[in-house]
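Please look over the sequence and the model shown here before reading on.

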Amino acid sequence: GLTDTGGFFSVLLVKAGPREIQTPVDAPAATGSAGSEDVEFILKFLADSFGLEPDWTEGWSFAHRGRSIDVVPDDHFPDLPFAVDDRGFSLVRINGRVPKLSTQGALWLGRRVTRQIIDLSQEDAWRYIKGQPVIVPDGQDSEFGYAQVRCLRFPIGVGLCVSAVSYPHVR
């Protein structure tokens with residue numbers, strides 16, 4: 001069957017060189033807008049869950065858009081005479097009981113994640129990519145919930161760790 005990778009092949013472009021940061025008046029912002037408390041709560045949840053450094057959000061803007069929180073670099077707000085919708089990419093889905101880190105978010109955070117990590121062998125990584133359950137290797141730092149999935153220490157996505165017959169699995 002086909003596997004929906006949820007945007008596995010996303011690209012993040014970072015502008016080089018000095019630039020004055022200017023935010024359009026009507027640009028969505030995570031601070032001072034409706035729902036900003038929710039955004040801050042989710043960002044703290046991500047930092048606590050994935051062991052992120054306190055400064056992990058510096059240089060980035062976060063906005064609640066529908067069922068997700070999107071992220072865009074602070075320097076990507078162009079100085080134009082008309083409004084621009086800087087979408088960035090989806091960092092986390094918030095429509096479930098527990099916020100779910102997106103594949104783009106897992107790839108973007110990369111090795112900054114220090115908790116909730118599942119490091120798979122190449123064989124298990126292929127099972128994961130095909131959408132098959134994978135038995136989590138012993139000694140992995142993961143609890144029940146979403147975890148960053150890695151192969152050979154490189155992030156490849158997000159998995160849900162559940163308990164089935166006393167063996168944690170990634171789905």
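## Helix and sheet

Helix 1 lies across strand 1, strand 2, strand 3 and strand 4, and runs at about 80 degrees to strand 3. Angles run from 0 to 180 degrees between N-to-C directions, with axes as lines fitted to C-alpha atoms, for helices over the stretch in contact. Helices (H or I, at least four residues) and strands (E, at least two) are DSSP runs numbered from the N terminus.

This is a predicted model, in which local features need pLDDT of at least 70 and side-chain atom pairs count only at pLDDT 80 or more, while totals for chains, interfaces and linings use all residues. Residues are numbered from 1 along each chain as its sequence is written, and side-chain values use heavy atoms, with hydrogens and water left out.

Helix 1 covers residues 36–50, and its 15 residues should span 21 Å at 1.5 Å a residue; the expected span is 1.5 Å times one less than the number of residues. The end C-alpha atoms are 21 Å apart, which agrees. After helix 1 comes glycine 51, with a positive phi near 65 degrees.

Buried residues in helix 1 include Val39, Ile42, Leu43 and Leu46, where buried means under 20% relative accessible area, exposed over 50%, and partly exposed in between (1.4 Å probe, protein chains only).

| Strand | Residues |
|---|---|
| Strand 1 | 60–65 |
| Strand 2 | 68–73 |
| Strand 3 | 89–93 |
| Strand 4 | 100–101 |

The open sheet has 4 strands in the order 1-2-3-4, with antiparallel pairing. Strand 1 and strand 4 stand at the edges with a single partner strand each, so one side of each has no neighbour in the sheet. Two strands pair if DSSP finds at least two bridges between them; strand 3 and strand 4 are joined by 2 bridges. Arginine 93 has lysine 100 in strand 4 as its bridge partner.

Strand 3 also holds serine 90. Serine 90 counts as buried because its relative accessibility is 17%. Leaving aside neighbours within four places in sequence, serine 90 is in contact (heavy atoms within 4.5 Å) with residues including Ser68, Asp70 and Gln104.
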